[in-house]
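Okay, thanks everyone for coming. Let me put the structure up on the screen, and then I'll walk you through it.

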Amino acid sequence: VQLQASGGGLVQAGGSLRLSCAASGLTFSTYTMIWFRQAPGKEREFVAAINWSGSTTYYADSVKGRFTISRDNAKNTVYLQMNSLEPEDTAVYSCAADGYDTDHRAYYSDSYYPDYWGQGTLVTVSS
């Protein structure tokens, strides 16, 4: 299984980026897909999640109203549209796949571990 995140980069505060995570080696349409981020020296943080069909989404309060998660099951890809970026959004963003219909509240726990992790992509927001 591979989850390959891309789309990160350097952007000024107030700008936008769209991250992509391309999946292979799994039945993508049966997995909940999740974005996490980790800033330097900080713990992993849940960002957003989307269920298998795209009908249900969850967001951390810190990104609600600014970020949008979506998926294209035909392309085995999940996206994270990030608008109104802030310097506090600077982090490595990684995607993950959960095949067990885990309660989304578990995503906030440090002990939560998804079925598959992808490589991250660095987002740097300058002030």
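Strands themselves are DSSP runs of E, at least two residues, and helices are runs of H or I, at least four residues, numbered from the N terminus. A bit of housekeeping too: this is a predicted model, where local features need pLDDT of at least 70, side-chain atom pairs count only at pLDDT 80 or more, and totals for chains, interfaces and linings use all residues. Residues are numbered from 1 along each chain as its sequence is written, and side-chain values use heavy atoms, with hydrogens and water left out.

Of the 127 residues, 43% count as buried. Buried here means under 20% relative accessible area, exposed is over 50%, and partly exposed is in between, with a 1.4 Å probe and protein chains only. When I say contact, I mean heavy atoms within 4.5 Å. Among contacts between residues at least 6 apart in sequence, 58% join residues at least 24 apart.

Now, the inside. In soluble globular proteins, nonpolar side chains tend to be buried together. A nonpolar core is a set of buried Ala, Val, Leu, Ile, Met, Phe, Trp, Tyr and Cys residues joined through side-chain atoms within 4.5 Å. The largest one here has 38 residues, and those with the most contacts inside it are Trp 35, Leu 80, Met 82 and Tyr 93. The strands that each supply at least two residues of this core include E1 (2-6), E3 (17-24), E4 (32-38) and E5 (44-50). Take Met 82 as an example: leaving aside neighbours within four places in sequence, its contacts include Leu 17, Leu 19, Phe 67, Tyr 93 and Val 123.

Let's zoom in on E5. Is that strand mostly covered or mostly open? Mostly covered: 6 of its 7 residues are buried. On one side, E5 runs antiparallel to E4, joined by 6 bridges, with Phe 36 standing opposite Phe 46. The hairpin of E4 and E5 has 5 residues between the strands, and Gly 41 there takes a positive phi near 75 degrees. E5 also pairs in the antiparallel sense with E6 (residues 57-59), over 3 bridges, and Ala 48 has Tyr 59 as its bridge partner in E6. That hairpin has 6 residues between its strands, and Gly 54 in the turn has a positive phi of about 90 degrees.

Staying with E4, look at Arg 37, which lies in that strand. Why does Arg 37 count as buried? Because its relative accessibility is 5%, under the 20% cut-off. The side chains of Arg 37 and Asp 89 are joined by a polar contact of 2.9 Å; that term means a pair of N or O atoms within 3.5 Å, where within protein one must be able to donate a hydrogen and the other to accept it, and residues adjacent in sequence count only if both atoms are side-chain atoms. Thr 32 is also in E4, and at 10% relative accessibility Thr 32 counts as buried. Among the residues Thr 32 contacts are Ile 50, Trp 52, Ala 96 and Tyr 107.

Last stop, the loop between E9 and E10 (116-117), where you find Tyr 108. At 47% relative accessibility, Tyr 108 counts as partly exposed. Beyond four places in sequence, Tyr 108 touches Phe 46, Tyr 59 and Ala 60. Pro 114 lies in the loop between E9 and E10 as well, but Pro 114 is buried, with a relative accessible area of 3%. Its C-alpha is 6.3 Å from that of Ala 96, 18 residues apart in sequence.

Technical notes:
Two strands pair if DSSP finds at least two bridges between them.
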